[in-house]
Amino acid sequence: MISKSKNIFIFFILLFLIGCALPRLSMKPGGAGNDKEIPGKTIQVDFFENKSPLGSSTVSTAFTEGLRDIMLSQTPLELVAKNGDLLFEGFISGYRISPLAIQAGSETAAQNRLTMSVNVSHSYSKIDSLGFNNILFSAYVDYSATANFSAIEEELIKELNYQLIQNVYDKAFG
């Protein structure tokens with residue numbers, strides 16, 4: 001018969017072994033788990049100009065501010081206007097509406113797709129081997145063709161920005 005102290009000892013050994021085998025997840029900011037893994041203390045996010053032939057005047061500002069917001073809330077870095085240890089720069093390269101689901105017997109679409117593309121470069125001032133250059137991130141959102149686009153455009157832009165900004169963040173820190 002095994003004594004109670006041996007049972008407790010075996011329980012703790014099993015608990016230790018199981019704990020070692022489970023993946024470790026961290027809810028700390030910066031994606032990698034702690035601020036020592038993000039070289040630098042400051043971040044600079046330059047204005048992303050809209051170079052696409054279409055797009056409302058708010059597209060550039062909304063994307064740039066959204067990217068700045070996620071960097072402030074998800075990393076321990078301080079946002080600066082110049083000479084950041086990390087730099088994000090680029091431009092909005094595409095903003096277009098495409099018809100989807102053409103209805104049988106007519107040439108009208110039941111749905112439209114708004115697609116936005118952003119070229120992004122990310123660099124570290126002190127480590128040339130980190131970062132990425134000119135990566136194209138693209139996202140889309142579908143909406144009813146009968147909807148008034150002007151009335152829903154701002155909400156669609158928010159959805160696109162959420163997708164794009166999350167993809168940029170994940171690529172840089174994931």
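## Charges over rings

A charge sits over a ring if NZ of Lys or CZ of Arg is within 6 Å of the ring centre and within 35 degrees of the ring normal. K51 meets this with F91: its charged end lies over the ring, 4.8 Å from the centre.

## Basis of the model

This is a predicted model, where local features need pLDDT of at least 70, side-chain atom pairs count only at pLDDT 80 or more, and totals for chains, interfaces and linings use all residues. Residues are numbered from 1 along each chain as its sequence is written, and side-chain values use heavy atoms, with hydrogens and water left out.

## Aromatic pairs

There are four aromatic pairs in the structure. Rings of Phe, Tyr and Trp (its six-membered ring) pair if their centres lie within 6.5 Å; planes under 30 degrees apart are stacked, over 60 edge-to-face, the rest tilted. Y143 and F149 make a tilted pair, with centres 5.6 Å apart and 40° between the planes. Both residues are buried (under 20% relative accessible area; exposed is over 50%, partly exposed in between; 1.4 Å probe, protein chains only).

## The pair in helix α3

Y169 and F173 are also a tilted pair: 5.1 Å centre to centre, 50° between the planes. Both lie in helix α3 (residues 149-173), four residues apart, about one turn of the helix. Helices (H or I, at least four residues) are DSSP runs, numbered from the N terminus.

Y169 counts as buried because its relative accessible area is 6%. F173 is buried too, at 6% relative accessibility. Ring pairs join F88, Y169 and F173 into a cluster.

Note on methods:
Helices (H or I, at least four residues) and strands (E, at least two) are DSSP runs, numbered from the N terminus.
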